[in-house]
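Please look over the sequence and the structure shown below before reading on.

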Amino acid sequence: MRLFKRILAVLAIFLVILLLAGFFFVQHLKPSYEGAREVPGLQDSVSVFFDSYGIPHIYAENETDAFRALGYVHAQDRLWQMELLRRIAPGRLSEAFGPDALPNDRFFIGLGIDEATQEVLASLDPADPSIVMAQAYLDGVNQFIEEGTTPVEYYLTGLEKKPFTLTDVYNSIGYMAF
């Protein structure tokens, strides 16, 4: 009986240590809403304030800097959601969730959103103001991907963070239009 109690005590201690480690790991991955960040490519200073609901308020001297900051803030708060959104239209959810997502992937591949995106991208003018703003947004997203914390979902699925591109933006628009 004493051996059983000892084993039970060791298991309880192990469980407490495991729970504490998990708690601190998840706390480490939470976004930071305080302090200053260096975001390369900004032309002027940008201020981002988060209100009591966690909503960011971005103050910038120009639109390009505002979009770059918006991309950074979006990635900080919603990177996993953005990852899923970019995988839906080209039929790549099964890479994250396995064979259960294949029917969904086949459906969206059949819609041809990814092919339509490639056609649109081939005809875009990189100097168009909307493309410049979209690229500034993506620069902010990708800056966070490089230097920010990795959401726990990436660890759970085994996926790696990869930079976002205009293809991802247009595929997401195509999916939302659907």
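Leaving aside its neighbours within four places in sequence, Met133 is in contact with Glu63, Thr64 and Phe67, where contact means heavy atoms within 4.5 Å. The model is a predicted one, in which local features need pLDDT of at least 70 and side-chain atom pairs count only at pLDDT 80 or more, while totals for chains, interfaces and linings use all residues. Residues are numbered from 1 along each chain as its sequence is written, and side-chain values use heavy atoms, with hydrogens and water left out.

Met133 has its place in helix H6; helices (H or I, at least four residues) and strands (E, at least two) are DSSP runs, numbered from the N terminus. With a relative accessible area of 16%, Met133 is buried, a word that stands for under 20% relative accessible area, with exposed meaning over 50% and partly exposed what lies in between (1.4 Å probe, protein chains only). Glu115 is 18 residues from Met133 along the chain, and the C-alpha atoms of these two residues are separated by 23 Å.

Thr64, one of the residues that Met133 contacts, is found in helix H2 and is buried as well, with a relative accessible area of 18%. When residues up to four places away in sequence are not counted, Thr64 touches Met133 and Ala136. Thr64 and Gly41 are 23 residues apart in sequence, and from C-alpha to C-alpha they are 9.5 Å apart in space.

How do the two helices lie to each other? Helix H2 (residues 63-88) packs with helix H6 (residues 129-147) at an angle of about 50 degrees, their axes being 7 Å apart; axes are lines fitted to C-alpha atoms, for helices over the stretch in contact, and angles run from 0 to 180 degrees between N-to-C directions. H2 and H6 are therefore oblique to each other, because angles under 35 degrees count as roughly parallel, over 145 as roughly antiparallel, 65 to 115 as roughly perpendicular and the rest as oblique. The contact of H2 with H6 has 12 nonpolar, 6 polar and 4 charged residues, where Ala, Val, Leu, Ile, Met, Phe, Trp, Tyr, Cys and Pro count as nonpolar, Asp, Glu, Lys and Arg as charged, and the others, Gly among them, as polar.

Among the residues making the contact are Ile113 and Leu121 of H5 and Leu166 and Tyr175 of H8, and by class the contact of H5 with H8 divides into 6 nonpolar, 5 polar and 1 charged.

The strands remain. Strand E1 (residues 46-50) and strand E2 (residues 56-60) run antiparallel and are joined by 5 bridges, two strands being paired if DSSP finds at least two bridges between them. Val46 has Ala60 in E2 as its bridge partner, and Phe49 stands opposite His57 in E2. In the hairpin of E1 and E2, 5 residues lie between the strands, and Gly54 takes a positive phi near 85 degrees.
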